[in-house]
Amino acid sequence: MAERAAHQLRPARSRPDDGVPAALGPARLSRLQALRALDSTPRGLPEQEAEDRLARYGENTVLPEPGPGRLRRIRTALADPFTALLTGLAAVCAVIGSWGSTAILGALVAAACALRLTDEHRAATALTALRALVPTTATVLRRAGEAEPLARELPVEQLVPGDVVRLTAGDAVPADLRLLRAEGLTLDQSALTGESEPVHRAAVDLPPPAAASSPFEEPHLCFAGSTVITGSATALVLATGTGTRFGAAHRPGRVRRPGRSAVERGVRRAARAMILFMAAAVPATVAADTLLHGWSASLLPFAVAAAVGLTPELLPLVISAVLARGSAGLRRDGLVVRQLPVIGELGALDVLCLDKTGTLTSGETAVLGGLDLAGEPDQEPLRWAALAAEAALLAGDPGLAAPLDEALLVTADQAGLLDDPGPAAGGTPVVLPFDPVRRYAGAVLSVRDGGHRRLLVVKGAPEAVLDRCPGLPEEQRAAALALVERQAAAGRRLLAVALAEQPKLGTAVDFSGLRLLGFVALRDEPLAGAAAALAELSGTGVALTVLTGDHPSTALRLCEQLGLAVDRVVAGSELAGLTEAEVAAAAARGALFARCDPEQKAAVVRALRRAGHTVGFLGDGVNDVPALRAADIGFATPGAVGAARAWADVLLGGTDLARLGRALSAGREGVARVAAYLRIALSCNLGNAISMLAGGVLLPFLPMLPAQVLLQNVCFDAAQLSFAVSGRATGPGSRPVRLRWGALAVFAVGFGLLNSVADVALFVVMRRVTGGFAGPDAEGMFHTAWFSENLLTQALALPALYGLTGARLRPPRPVWCAAAALAVLGVLLPELPFGAHLGFAALPVGAVGPLALVVLGYGVLLLAARRLWRLLAIWDGRRQAG
Ligand SMILES: Nc1ncnc2c1ncn2[C@@H]1O[C@H](COP(=O)(O)OP(=O)(O)OP(=O)(O)O)[C@@H](O)[C@H]1O
């Protein structure tokens with residue numbers, strides 16, 4: 001039978017894309033039939049059989065790598081639009097035998113890829129180290145011979161088809177599974193489907209007759225690559241390792257949230273625009289020249305040189321260097337950034353959502369003691385809560401132990417409440433794990449007080465526990481809620497504790513007799529330094545909003561302690577009655593969202609993103625995973641559970657929240673630098689494209705010789721490398737920095753035209769100086785003058801246009817040095833002895849004055865245009881803020 005199952009599983013390996021996972025064969029059967037098909041039982045596999053199957057199927061290695069693999073990273077780096085463009089141009093240069101250009105372009109491609117790969121490799125190594133802390137085990141039922149099955153924690157690699165596993169909230173689904181039992185199970189399977197909405201799963205005995213359109217919609221199946229958000233389950237392993245659906249469905253772009261980062265989008269648009277420039281300007285120049293002056297063999301190399309000249313070749317290199325520099329700076333501060341583009345998102349971040357417990361509070365909850373229903377000290381509720389906590393801690397995955405349960409157990413133990421083993425002891429307790437949607441946890445304990453009884457202990461959020469106490473008179477309920485409210489206003493939060501007798505036989509948990517016993521009072525201290533860090537963050541133009549599962553009054557009190565202005569309190573249950581726009585507006589104004597379940601937290605984040613904000617989410621718990629994944633940037637605290645860390649984009653290496661400010665500074669500076677480079681490169685290249693076209697029409701010869709175009713290009717590119725060299729960090733500035741394509745395009749056209757005006761002025765001047773371009777040296781003199789004017793105007797543009805962004809970014813010294821060097825080269829190069837070989841001719845003295853006048857005139861116009869642009873930017877900033 002096991003052999004047959006093996007055949008049913010194998011086709012997935014040979015036909016990964018056939019749309020039907022091999023495991024769907026047994027998966028379409030009833031629970032019992034599926035167990036039989038895999039030669040298993042509800043009690044799991046015998047140890048020996050499991051070992052045999054492990055040898056036959058191999059290890060179950062299906063969990064995602066911390067980052068994409070090396071090959072995929074190389075492919076992604078090469079697929080970058082500019083790198084691809086450069087590779088294409090290098091190929092064209094090689095075909096026409098222009099080996100110098102091929103070598104330069106090839107070196108640029110290699111450098112850009114190497115830089116990007118090195119940094120991503122470093123981040124992946126750091127992540128691998130961190131992932132060693134993430135639990136990678138599964139709870140598996142295995143039998144030794146005919147003995148009772150034992151629930152054992154095994155490394156996920158050892159799972160085999162036919163194994164029976166248990167799942168609880170926070171677990172990564174370790175293989176493709178068929179549910180045998182499920183309670184309140186919801187999964188996040190966005191890594192497989194791209195859908196961020198959680199999905200409900202149930203252990204239906206017979207799958208619906210008409211197969212769902214996708215196996216991911218089948219109600220009774222769970223696939224490797226998804227994460228359990230709530231509930232618990234027992235399931236049969238259908239497929240492991242490469243036989244799972246994960247291998248086929250796991251594609252790079254689908255693991256992370258869909259859509260590219262703002263910087264990537266901006267750069268792609270710039271790349272497209274440059275390709276369009278080239279595609280239009282180069283053939284137009286060649287056509288104009290041919291029409292007016294006839295075809296010449298030198299037109300082809302000129303066309304290639306012009307195409308190379310119009311491409312900002314250093315774009316990938318500069319962007320990788322700038323982002324890598326930002327990420328290296330953050331690493332020194334103890335922050336791990338998963339992928340370079342996240343630095344760009346950090347620059348644009350304008351709303352930061354914060355989880356409360358464990359994120360804004362120290363994570364060590366102080367247990368103040370038990371209270372009876374009147375609010376008087378009574379240790380009984382604490383003792384029962386601690387016994388339930390102990391059962392949960394013993395049954396659960398140690399990596400996912402709730403800090404609250406640990407605190408309850410330690411406090412009760414220290415108070416001597418657990419010294420006496422009776423009345424509660426013996427037997428294996430049934431545990432209802434904590435679920436952030438239900439907001440309570442429970443355990444059925446065996447009690448020995450004279451006879452044997454079974455007692456259900458439920459502890460959790462007061463409203464949730466009260467709802468499960470059917471016999472509670474209305475006035476007692478109101479009094480209990482009033483007590484909770486009073487304690488919350490004083491900064492304490494209460495956990496309600498209730499008990500119910502259980503029938504002797506049967507395993508189903510019976511809530512019907514649940515009786516409220518009392519409360520446990522807790523206090524969470526604000527995280528040291530959090531108030532100052534949050535004040536600093538809101539001073540940098542980031543709206544802060546708290547999303548918590550806790551009681552509104554407790555959360556409000558903490559916000560007061562931290563100095564966070566709360567505009568309005570919204571309960572999670574109210575969200576359904578609000579439109580997305582209303583939710584986003586409330587969050588952006590600093591609303592506090594309390595009693596939110598994990599999906600409600602994610603819904604607020606999604607509403608903010610749809611309203612156009614760049615949203616960060618800082619969290620630590622399993623209940624934060626959907627929001628971490630929905631956000632543009634997920635931040636995980638150092639104490640975060642494995643699932644939260646695995647899905648975060650940035651890992652804060654220490655509890656100090658001031659690190660967030662440093663992350664924003666690095667992001668804003670990175671985006672500002674990339675924007676500065678794009679502005680100058682695009683405007684100068686656009687200016688050159690227009691001037692070449694004008695030159696093709698106005699001049700009786702080629703506007704520039706191919707070698708001159710390449711030389712000028714190499715000089716300008718080398719000068720722009722200074723952009724990658726950081727000056728001193730200047731702090732985050734007062735507002736987010738975005739790469740706005742519209743503004744970038746207007747800038748490039750405006751300043752590009754200004755550049756062309758100077759060029760055309762030079763054409764007119766040189767026409768006069770050379771007597772209508774007559775004489776043998778006219779062409780050489782014109783080329784010298786235009787080469788010098790080009791480099792001199794670019795030298796002026798470098799520092800003048802560098803700092804025009806929201807971030808306070810002054811040109812660093814290397815930019816000044818590069819500008820000076822460019823100016824010197826512009827004047828000297830044509831005059832050097834080899835200048836004649838490149839087609840330059842010495843300028844007559846009479847040309848120097850007009851040339852200087854053109855450059856000076858350009859400088860004056862440039863400063864005036866810069867001033868105008870700044871005024872427009874300030875006006876635009878005010879308009880957006882208002
Ligand atoms: N282990 C637990 N056992 C029983 N009840 C719990 C447990 N953990 C939390 N609760 C209750 O459920 C409520 C919601 O918990 P949840 O984890 O969603 O949010 P939180 O920890 O209060 O806040 P945050 O969302 O800011 O982390 C808590 O306020 C508490 O009353």
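Visitor: How do the residues of the shell around the ligand divide into nonpolar, polar and charged?

Guide: Please note that this is a predicted model. With Gly counted among the polar residues, the shell around the ligand divides into eight nonpolar, seven polar and six charged.

Visitor: Which residues come nearest to the ligand?

Guide: There are 21 residues around the ligand. Elements that each supply at least two residues of this shell include α17 (403–414), β13 (440–449) and β14 (451–460). Those that come nearest are Lys 356, Thr 357, Thr 548, Gly 549 and Asp 550.

Visitor: From which domains does the shell around the ligand draw at least three residues each?

Guide: The chain is divided into domain 1 (2–63 + 137–255), domain 2 (262–332 + 663–881), domain 3 and domain 4. The shell draws at least three residues from each of domain 3 (336–361 + 527–653) and domain 4 (366–523).

Visitor: Which strand gives the most to the side of domain 1 that touches domain 4?

Guide: The contact takes seven residues from domain 1 and eight residues from domain 4. By class, the domain 1 side has one nonpolar, six polar and no charged residues. The strand that gives the most to that side, with three residues, is β8 (residues 227–239).

Visitor: How are α22 and α23 oriented to each other?

Guide: Helix α22 (residues 580–588) and helix α23 (residues 598–610) pack with their axes 8 Å apart, at an angle of about 95°. Angles of 65 to 115 degrees count as roughly perpendicular. The two helices, α22 and α23, are therefore roughly perpendicular to each other.

Methods: Residues numbered from 1 in each chain as written. Predicted model: local features only at pLDDT ≥ 70, side-chain atom pairs only at ≥ 80, totals over all residues. Axes fitted to C-alpha atoms, helices over the stretch in contact; angles between N-to-C directions. Helix = DSSP H or I, 4+ residues; strand = E, 2+ residues; numbered from the N terminus. Parallel < 35°, antiparallel > 145°, perpendicular 65-115°, else oblique. Near = placed C-beta within 6 Å. Domains from an automatic or database assignment. Contact = placed C-beta atoms within 7 Å.
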